[in-house]
Amino acid sequence: MSANGSQANWEHTITATTAEQTFALAGTLAAALSAGDLLVLTGELGAGKTTFTQGLGAGLGVRAGIISPTFVLVRIHPNLATGPRPGGPDLVHVDAYRLGSAAEVDDIDLENTMDSSVTVVEWGRDRVEHLSESRLEIDLHRAIGLDGALDFDAEETDEPRTIVLRGYGPRWAAAPDLVAEGDSPC
């Protein structure tokens, strides 16, 4: 169950052993996304949230240069006419880490871009669920070291990540093809 009490329609767990696999998974997911979609990314520092967003951007065909919007809170990456999806949605990338509530999210006025963009919110759990009746929640977790402690070595980008995808609401009644194939959903 998510923090807002709604039950996920489906859940699927994937292991990515490299940053490139995380990027590629997101790029594949981008093919299933359309304007109005909301993605909520959760994971500790260094888990791959920005790498995942970069893969989404590449798959959506938006302007390159996606970095974490930690200090500006929101970055809009316009779709490129020459990209893989000309005329496709823009990507709105939000970092809600410093926002303490849904009211603070409302202050950044995401409602103005939701209909024309794919909106990705890092650290958005318990802050953005009210923006849409449907959403994808994507949890990224770094590997646990042999001693049981999380390894936060920023130089180790190719350690395995566990990526858990969950679909909520009518838009995500069924899992996109990338998670419906292969292993059985959890």
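These legends describe close-up views of one predicted protein model.

Residues are numbered from 1 along each chain as its sequence is written, and side-chain values use heavy atoms, with hydrogens and water left out. Because this is a predicted model, local features need pLDDT of at least 70 and side-chain atom pairs count only at pLDDT 80 or more, while totals for chains, interfaces and linings use all residues.

**Figure 1. The whole chain, element by element.**
The chain holds 5 helices and 7 strands. Helices (H or I, at least four residues) and strands (E, at least two) are DSSP runs, numbered from the N terminus. Read from the N terminus, the order is β-α-β-α-β-β-α-α-β-β-β-α. The chain has 186 residues, and 44% of them count as buried. Buried means under 20% relative accessible area, exposed means over 50%, and partly exposed lies in between (1.4 Å probe, protein chains only). The accessible surface comes to about 8,800 Å². Carbon and sulfur atoms account for 54% of that surface. Accessible areas come from the Shrake-Rupley method with a 1.4 Å probe; for residues, only the protein chains shown count as cover. Now take the contacts between residues at least 6 apart in sequence: 74% of them join residues at least 24 apart. Contact means heavy atoms within 4.5 Å.

Side chains of opposite charge can pair when their charged atoms come close. A salt bridge here is a side-chain nitrogen of Lys or Arg within 4 Å of a carboxyl oxygen of Asp or Glu. The whole structure has 7 salt bridges. One of them joins Glu 11 to Arg 166, with the closest N and O atoms 2.9 Å apart. This pair links distant parts of the chain. Glu 11 sits in strand S1 (residues 10-16), Arg 166 sits in strand S7 (residues 161-168), and 155 residues separate them. Glu 11 counts as partly exposed because its relative accessibility is 27%. Arg 166 has 15%, so Arg 166 counts as buried.

Arg 135 pairs with Glu 137 in a salt bridge, and their closest N and O atoms lie 2.9 Å apart. Both residues are buried. Arg 166 also bridges to Asp 139, with the closest N and O atoms at 2.7 Å. That pair links distant parts of the chain: Arg 166 is in strand S7, Asp 139 is in strand S6 (residues 135-142), and they are 27 residues apart. Arg 166 and Asp 139 are both buried.

**Figure 2. A patch of negative charge on the surface.**
Five names to find here: Glu 104, Asp 106, Asp 107, Asp 109 and Glu 111 gather in this patch. Patches are made of residues with over 30% relative accessible area and no salt bridge; like charges are joined within 9 Å, and nonpolar side chains (Val, Leu, Ile, Met, Phe, Trp, Tyr) within 5 Å. Lys and Arg count as positive and Asp and Glu as negative, while His and the chain ends are not counted. The place of a charge is taken as NZ of Lys, CZ of Arg, CG of Asp or CD of Glu. Helix H3 (residues 102-107) gives the largest share of the patch, 3 residues. Glu 104 is in helix H3. Its relative accessibility is 33%, so Glu 104 counts as partly exposed.

**Figure 3. Pro 69 in its loop.**
Pro 69 lies in the loop between helix H2 (49-60) and strand S3 (74-77). Is Pro 69 buried or exposed? It counts as buried, because its relative accessibility is 0%. Leaving aside neighbours within four places in sequence, Pro 69 touches Val 74, Arg 75, His 93, Val 94 and Asp 95. Pro 69 and Val 94 are 25 residues apart along the chain, yet their C-alpha atoms are separated by 6.2 Å.

**Figure 4. Thr 119 in strand S5.**
Thr 119 lies in strand S5 (residues 117-122). Thr 119 counts as buried because its relative accessibility is 0%. Beyond neighbours within four places in sequence, its contacts are Asp 37, Leu 38, Leu 39, Val 92, Val 94 and Met 114.

**Figure 5. Positive phi in a loop.**
Trp 123 is found in the loop between S5 and S6. Trp 123 is not a glycine, yet it has a positive phi of about 60°. Asp 126 is also in the loop between S5 and S6. Asp 126, not a glycine either, has a positive phi of about 70°.
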